[in-house]
Amino acid sequence: MSGNATKNWLADYASPRERTEQLQTLERDEGKEYRAYGVHSPDSFPMLDVRDKHGNGYLLNYAFLRQVKYSVQSSPQVITLVFSDCLVTLEGSHFRELLHKLQEHKVEYVQEFNPQKWQKPDEKETVIDAMVVTTFEKV
């Protein structure tokens, strides 16, 4: 492997300093309007940050995303992300754009709506009303 190829491969992973800067951005965004998901820049860390309405979360590597099940015709709409060690099920509305961004691995975070923290978004905005993370037991 040439030095250039190694450098490009390594560039896909954020340094600890870059990840700290990303987390500081997350902290600054806490008081702003609700957004169900955020799209990462092309040079950011290849992980999905899954945040519940209480501020707890999981950082899940896209490399372990095995499939995405979805139903955008139902009400509520449902997306289930099947990772090698857990399932993430999202329920809400207006999931089409979110689904396309997940397909491209461009979603940096998804977060559940908390009515005590944010005002309800506009009716046409993506909202994640419920989120369940189910981890698989090791056998």
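Student: Is H105 buried, partly exposed or exposed, and what is its relative accessible area?

Tutor: This is a predicted model. A residue counts as buried under 20% relative accessible area and as exposed over 50%, with partly exposed in between. H105 has a relative accessible area of 34%, so H105 is partly exposed.

Student: How is the chain as a whole laid out?

Tutor: The protein has three helices and eight strands. Read from the N terminus, the order of elements is α-α-β-β-β-β-β-β-α-β-β. The protein has 139 residues, and 33% of them count as buried.

Student: How do I read a strand pair, and how do β2 and β3 run?

Tutor: Start with the general idea: side chains in a regular strand alternate between the two faces of the sheet. Then look at the pairing. Strand β2 (residues 47-51) and strand β3 (residues 57-61) run antiparallel and are joined by five bridges. Within this pair, V50 stands opposite Y58 in β3.

Student: How many residues lie between β2 and β3?

Tutor: There are five residues between these strands, which form a hairpin. In the turn, G55 has a positive phi of about 95°.

Student: Which residues does a cis peptide bond join?

Tutor: Omega is the angle to read here. It is about 0° at the cis peptide bond between S75 and P76. P76 is located in the loop that runs between β4 (65-71) and β5 (77-83).

Student: Which residues gather in a patch of negative charge?

Tutor: On the surface, E33, D122, E123 and E125 form that patch. Residues qualify for a patch with over 30% relative accessible area and no salt bridge. E125, for instance, has a relative accessible area of 44% and is therefore partly exposed. The place of E125 is in the loop between β7 (107-111) and β8 (127-135).

Key:
Residues numbered from 1 in each chain as written. Predicted model: local features only at pLDDT ≥ 70, side-chain atom pairs only at ≥ 80, totals over all residues. Heavy atoms only, no water. Patch = residues over 30% accessible without salt bridge, like charges linked within 9 Å, V, L, I, M, F, W, Y side chains within 5 Å. Areas by Shrake-Rupley, 256 points an atom, 1.4 Å probe, with all protein chains shown as cover. Salt bridge = Lys/Arg side-chain N within 4 Å of Asp/Glu carboxyl O. Lys, Arg positive; Asp, Glu negative; His and termini not counted. Charge placed at Lys NZ, Arg CZ, Asp CG, Glu CD. Helix = DSSP H or I, 4+ residues; strand = E, 2+ residues; numbered from the N terminus. Buried < 20%, exposed > 50% of the residue type's maximum accessible area, 1.4 Å probe, protein only. Pairing = 2+ DSSP bridges.
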